[in-house]
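Reader: I am new to this structure and would like to go through it step by step. Could we begin with how one of the chains is put together?

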Amino acid sequence: MSPKATTKTTYHIPVGPIHPALKEPVLFEFEIDGERIVDVDVKLGHVHRAVEWASRKRNPIQILYLAERICGICSYCHPAAFALAVEDAADIVIPERAEYLRVIQGEWERVTSHILWAGVAAHEIGFDTVLFLTWQIRERALDLTEFLTGNRITKGIIMIGGIRRDITADMLPRIQKDLDYFKECYGKLGKIFLEDKTIKLRSQGVGILEKEDALKLCAVGPTTRASGVKKDVRVDTSYFAYGDLDINCITPADLTGTITGDVYDRIIQRLLEVKQSIDLIEQCVDKMPGGDIVAEPKIAKLLNQLKKVNGEGVGRHEAPRGEVIHYVKLDGNDAPFTWKVRAPTYNNILPWIPMLKGEQIADIPIVAASTDPCMSCTNRVGIVKDGNKYELTKEQLHKMCVEKTRRLM
Amino acid sequence: MAEKNLTPEQFVDKVMAEKNLTPEQFVDKFKDEFKTNIKDVKIKRRAAGSKKNETASIWMKVDKSAFKKVIEHLCKLQFPHLAVASGNDLGKTIELIYHFTVNFGKRMEEINLHISVELPKSKPEIETICDWIPGALITEREKMEMLGVKIIGIPDDRRCFLPDDFPKDVYPWRRDEKGLEKLYKNLHEVKK
């Protein structure tokens, strides 16, 4: 993947850092032969904000709120993985009710995130009516998030050793009402995405990730599952209350019977996961035991307890985009000695290369968007630079992508 | 590339058909092969939920000389998923911890496998594992720029997250004279 000398027949197109597909910066360097992509190089780091370094002067409770700000969409996953890592290091036992509440929050975030992604994917191929439809549905999802946590985006809900807000019996009717609404929407969205001729033309057979590549390049989340690798932290391990719940690893084969690993499969994958998440929330509401929601309600006492810990722990959680893993080493000081964050997009960068090779320039936005990349999660220290060659701006690229859809129609 | 002589289909079949080993069996397979090169083996189980189902984590320290062989052994035993490698500056040495998961794909049978290796600061060098696990590239590049570890034989040694004008010989995760201390006291000088 090192930059190769351009031969006479091919030419270079840099795309980014101001962005090809999503609304965040990353730089692609494409080697193009006519309309076909021959080689791809990805450059990262444009929004690196040194979050791990910032943690050196903060205590674990303060880091929870810092972790939440790594990414706006995964504002539950990062603090959750961090809390899991600290609990692992300090051997804190979490009350059973809190484990169920944590699942509900995690699954709700997945629904919100996947619906957002569905809108972005539709926008990339020029299907803007669907963007407005999905984001209207997402608005309702955010309202429920606000109802459950008190906030719409940065939720501030998780705490080391438990969770900060309970779900009481009088809240259940509203939750059930919204879940019913989402089941209805699920049917509608399924029909739009899976039966529409134009979406099929743009997504079937495009951006294929073979199962072998998914395994070798260590892809995670819906990206790897859409290629047929059964890897899902919720299924494979027992954390939160997932060990108690009835859950299976979903692949697109559950719906279509075959797996091709293309963009269409990744759309199916995410739609099926929305349905699965709603089902998991209902299971949790049914089975939730009573009791405390946090192991140690007094923050000062908890911090004191954490100060005595000498050890390391790892927390893994299945975020909407895949496995997020945090490593924490505590050494008896206020601040942790080391905190390492690994967001799912970090592992889904390399799979872009086999996906994009051989595709057309106009397919770049939808293929890149199909892994649901989140650059803020991946880069955590920043400075913007680079670029001045002939650039294909985001608008031009988006236009090309929309035009391809129009041609196909 | 891992298992060079296998076709893609054979590789996938092999990985998927692998029979699951318990954490103890896993540890034994490594201890038999590498004996004293493997130290401080811990198996930790953590229960969660009402049913208290457990998930196991294996932590082991590997001697630098045997590291590449251990990875090779692991890939032949069962092709793992590499989540990430993290790093600690421990004063005289730099510790790298490779976080793997094995046995995935089956309900609650996954094992976390954390393999740590310590490198002396006088010669912080380690061999690449990209030839076995191509997905390790980004995390290895990150270790090079953040900790100043030299990865021998890495297919792409450019910076990954740090900008091109970031000073050479400064490594953000270090806690010694090569760390960031100098830079953030004089932020105005760094920015042109």
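Reader: What pattern does chain B follow along the sequence?

Author: Read along the sequence, chain B runs α-α-β-β-α-β-β-β-β-α-β-α-α. Helices (H or I, at least four residues) and strands (E, at least two) are DSSP runs, numbered from the N terminus. This is a predicted model, in which local features need pLDDT of at least 70, side-chain atom pairs count only at pLDDT 80 or more, and totals for chains, interfaces and linings use all residues. Residues are numbered from 1 along each chain as its sequence is written, while chains are lettered from A and ligands numbered from 1 in the order in which they are written.

Reader: How many helices and strands has chain B?

Author: Chain B has six helices and seven strands. The C-alpha trace of chain B spans about 55 × 40 × 35 Å along its principal axes.

Reader: In what order do the five strands of the open sheet come?

Author: The order is β1-β2-β5-β4-β3 in chain B, with mixed pairing. Two strands pair if DSSP finds at least two bridges between them. β1 (38-48) and β3 (81-89) of chain B are the edge strands; each has a single partner strand, so one side of each is left without a neighbour in the sheet. From one strand to the next, the twist averages 20 degrees.

Reader: In which sense do β4 and β5 of chain B pair?

Author: β4 (residues 93-102) and β5 (residues 111-120) of chain B pair in the antiparallel sense, over 10 bridges. For example, B:Leu96 has B:Val117 in β5(B) as its bridge partner.

Reader: Which helix packs on that sheet?

Author: Helix α4 (residues 137-147) of chain B does, touching β3 and β4 of chain B. Its direction makes about 10 degrees with that of β3(B). Axes are lines fitted to C-alpha atoms, for helices over the stretch in contact, and angles run from 0 to 180 degrees between N-to-C directions.

Reader: How many residues of chain B are in contact with chain A?

Author: 43 residues of chain B are in contact with 45 residues of chain A; two residues are in contact if their C-beta atoms, placed from the backbone, lie within 7 Å. β3(B) gives the most to the side of chain B that touches chain A, with six residues. By class, that side has 23 nonpolar, 13 polar and seven charged residues. Ala, Val, Leu, Ile, Met, Phe, Trp, Tyr, Cys and Pro count as nonpolar, Asp, Glu, Lys and Arg as charged, and the others, Gly among them, as polar.

Reader: Turning to chain A, what domains is it divided into?

Author: Chain A is divided into domain 1 (11-48 + 344-365 + 372-408) and domain 2 (55-287), with bounds that come from an automatic or database domain assignment. Their C-alpha centres lie 25 Å apart.

Reader: How many residues of domain 1 of chain A are in contact with domain 2 of chain A?

Author: 22 residues of domain 1 of chain A are in contact with 24 residues of domain 2 of chain A. On the side of domain 1 that touches domain 2, the largest share, four residues, comes from α18(A). That side has 14 nonpolar, four polar and four charged residues.

Reader: At what angle do α4 and α12 of chain A cross?

Author: The axes of α4 (residues 96-124) and α12 (residues 263-287) of chain A cross at roughly 155 degrees and come within 9 Å. That makes α4(A) roughly antiparallel to α12(A), a term for angles over 145 degrees. The contact of α4(A) with α12(A) has 14 nonpolar, two polar and five charged residues.

How values were computed:
Parallel < 35°, antiparallel > 145°, perpendicular 65-115°, else oblique.
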